[in-house]
Amino acid sequence: MKAIELFSGIGGFRIACDSLGIETVWANDISPAAAKVYQQRFGEENYHFGDIADYLDNIPDHDLLTGGFPCQPFSSAGRKLGLEDARGTLFEKIVHILEQKKPKYFVLENVKRLLSMDNGKHFATILDALSGIGYLVEWRLLNAVNFGLPQYRERVVIVGRRDHSPKSYLCTSSDISELTPHQAAIASNTDHWKSIEDHGSKFHPWGVALNGRFFHAKIEGFSEAEKSVKLKDVLEERPDCSFYFTEDTLERIKNSEEVNRFYNGVEILYNQKGGARMGYSIFGVEGVAPTLTCTTSRHYERYKIGGEFRRLTAIEYARIQGFPDDHCASARLYTQYPLYGNAVPPALVRWAIKRTISNTGTNFESSSAQMELV
Ligand SMILES: C[S@@+](CC[C@H](N)C(=O)[O-])C[C@H]1O[C@@H](n2cnc3c(N)ncnc32)[C@H](O)[C@@H]1O
């Protein structure tokens with residue numbers, strides 16, 4: 001099986017594909033820093049640096065298209081029947097490649113907000129485009145904490161399969177067991193699905209779509225992790241003194257309110273007075289990390305570790321996202337934080353890819369390329 005990785009960043013999808021024995025034959029990103037890390041880790045041979053728009057007609061055949069695409073607003077200028085206009089966006093490039101190359105599968109990843117942005121119009125446009133070009137589309141909200149990582153990171157994965165009738169797919173899908181019998185009956189008969197144009201203000205955490213129609217449900221979360229991992233489990237023992245802000249933080253605490261509670265599994269010790277503005281919180285390590293991002297101020301957030309206060313190291317960022325400690329070692333320290341913050345946890349998309357292709361009869365677990373995920 002051959003994959004391509006669009007918007008490849010530092011290769012979260014690449015690690016997942018390698019671990020399943022899927023060969024990545026083409027990867028692309030426009031960021032020089034991400035390109036350097038990717039090429040250093042995985043080689044230069046199949047890597048193509050630059051704007052995806054410049055490569056649209058030169059992409060090789062593949063079975064699986066993957067990508068964590070940047071979330072850009074769609075234009076409302078061409079709005080018709082409640083849907084928006086995807087023309088000129090990076091999402092449109094994905095649709096173009098799917099239409100040209102017709103891979104059997106795709107697995108895309110994005111932020112949770114995609115389900116509710118602009119009263120659901122954004123996601124409706126995405127579903128309409130993907131389900132209108134021959135794919136049975138399924139989406140699901142996943143959280144890194146359920147994949148053995150110490151981070152509250154909610155992400156929506158959108159997967160597509162060609163040549164699958166909803167009925168045959170849903171009857172073998174593990175999701176069906178999480179639906180009520182009534183929901184399952186609707187899910188496996190597209191005649192009962194709603195038109196995407198009649199979507200509500202936001203989409204539920206799970207759903208399916210085909211040919212402009214969809215069905216969605218509020219199904220329960222689940223955990224793939226054998227045990228829950230806490231932030232304290234992945235800390236470096238004694239990082240360099242440049243990571244410590246103890247004096248400065250004690251001063252900051254004078255203007256903060258004690259909170260001492262867990263929110264979404266994150267231990268919050270103090271908030272700056274006047275509101276719980278992220279970036280002014282001080283965290284504990286008994287819970288999980290808040291969502292890592294590419295925003296610089298977030299990289300300076302303080303954590304109380306032992307009796308001292310410090311920010312997290314880039315190695316800790318790697319561990320929280322499920323990458324090898326030295327994955328971004330070829331980048332400067334301050335560049336490593338946003339690269340990890342932007343990445344997709346390999347374990348999360350590995351689950352989605354494996355499930356998407358699992359009806360092909362290929363035994364991916366026994367593949368010789370099987371690697372241990374960190
Ligand atoms: C959310 S990140 C994806 C991260 C990736 N999944 C990973 O694991 O590191 C989006 C990526 O899209 C890239 N990007 C943005 N505009 C692009 C364009 N026009 N062409 C190619 N890549 C682009 C960014 O540089 C960024 O690395």
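I took helices (H or I, at least four residues) and strands (E, at least two) as DSSP runs, numbered from the N terminus. The model is predicted, so I kept in mind that local features need pLDDT of at least 70, that side-chain atom pairs count only at pLDDT 80 or more, and that totals for chains, interfaces and linings use all residues. Residues are numbered from 1 along each chain as its sequence is written, and side-chain values use heavy atoms, with hydrogens and water left out.

Pocket entry. On a 1 Å grid over the protein atoms alone, I counted as a pocket an open set of points with protein on both sides within 12 Å along at least five of seven lines, as a cavity a set where a 1.4 Å probe fits but cannot get out, and as lining any residue with an atom within 4 Å of a point. Points are joined across faces, edges and corners, and a volume is the space filled by probe spheres set on them. The largest pocket holds about 760 Å³, and its lining has 35 residues, of which Val-111, Arg-153, Arg-155, Gly-341 and Asn-342 are the closest to its centre. Helix H1 (12-19), strand S7 (105-111), strand S9 (154-161) and helix H9 (333-342) each supply at least two lining residues, and H9 gives the most, with four. Domain 1 (2-222 + 344-366) and domain 2 (231-342) each contribute at least three residues to this lining, the bounds coming from an automatic or database domain assignment.

Ligand entry. I found 19 residues around the ligand, the closest being Ile-10, Gly-12, Asp-29, Asp-51 and Ile-52, where near means a heavy atom within 4 Å. For polar contacts (pairs of N or O atoms within 3.5 Å), I noted a polar side-chain atom of Asp-51 at 3.0 Å from a ligand nitrogen, and a backbone N or O atom of Val-344 at 3.1 Å from a ligand oxygen. The protein covers 86% of the 600 Å² of accessible area (Shrake-Rupley, 1.4 Å probe) that the ligand has on its own.

Notes: A polar contact is a pair of N or O atoms within 3.5 Å; within protein, one must be able to donate a hydrogen and the other to accept it, and residues adjacent in sequence count only if both atoms are side-chain atoms.
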